[in-house]
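User: Hi! Could you walk me through this one?
Analyst: Happy to, here it is.
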Amino acid sequence: MRPEALLQRKIRDHIAKLGLRTVACSNGAVLAGDGRARAIQMNTLKALGLTPGYPDLIVYGPDARIGHIECKIEGEKQEPKQIEVEAWLTAWGHKYAVCRSLADVDETFSKWGWV
């Protein structure tokens, strides 16, 4: 399993222990088949609403709280599409954070006023 996937799993477990729910957005899923088959699958997924750059996790809490978390391991930076999605989410008033550790999650929730 990739290091970023392991981090995402740890973050989801941590958030669950805090009594919040998460939904994963599998934009980074590995598609099956040859190049042509993958292109067809990707075009179908995009037509159904897949948005390149969308954050890894949507976090739901009581009182209509919704936040978005992009999981990144240390040293990794957001891709241009991720920066673009962060910009429109935050411009519309949505919560967004890049988290590289469980401490980042706790700091984020504190900043958001969720703890």
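User: What share of the protein chain's residues count as buried?
Analyst: Of its 115 residues, 31% count as buried, where buried means under 20% relative accessible area, exposed over 50% and partly exposed in between, with a 1.4 Å probe and protein chains only. This is a predicted model, where local features need pLDDT of at least 70 and side-chain atom pairs count only at pLDDT 80 or more, while totals for chains, interfaces and linings use all residues. Residues are numbered from 1 along each chain as its sequence is written, and side-chain values use heavy atoms, leaving out hydrogens and water.
User: Is C99 buried or exposed?
Analyst: C99 counts as buried because its relative accessibility is 0%. C25 counts as buried too, at 19%.
User: Switching topic: which pattern does the protein chain follow along the sequence?
Analyst: The pattern is α-β-α-β-β-α-β-α, with four helices and four strands in the protein chain. Helices (H or I, at least four residues) and strands (E, at least two) are DSSP runs, numbered from the N terminus.
User: What box do the C-alpha atoms fill?
Analyst: Roughly 45 × 30 × 25 Å, taken along the principal axes.
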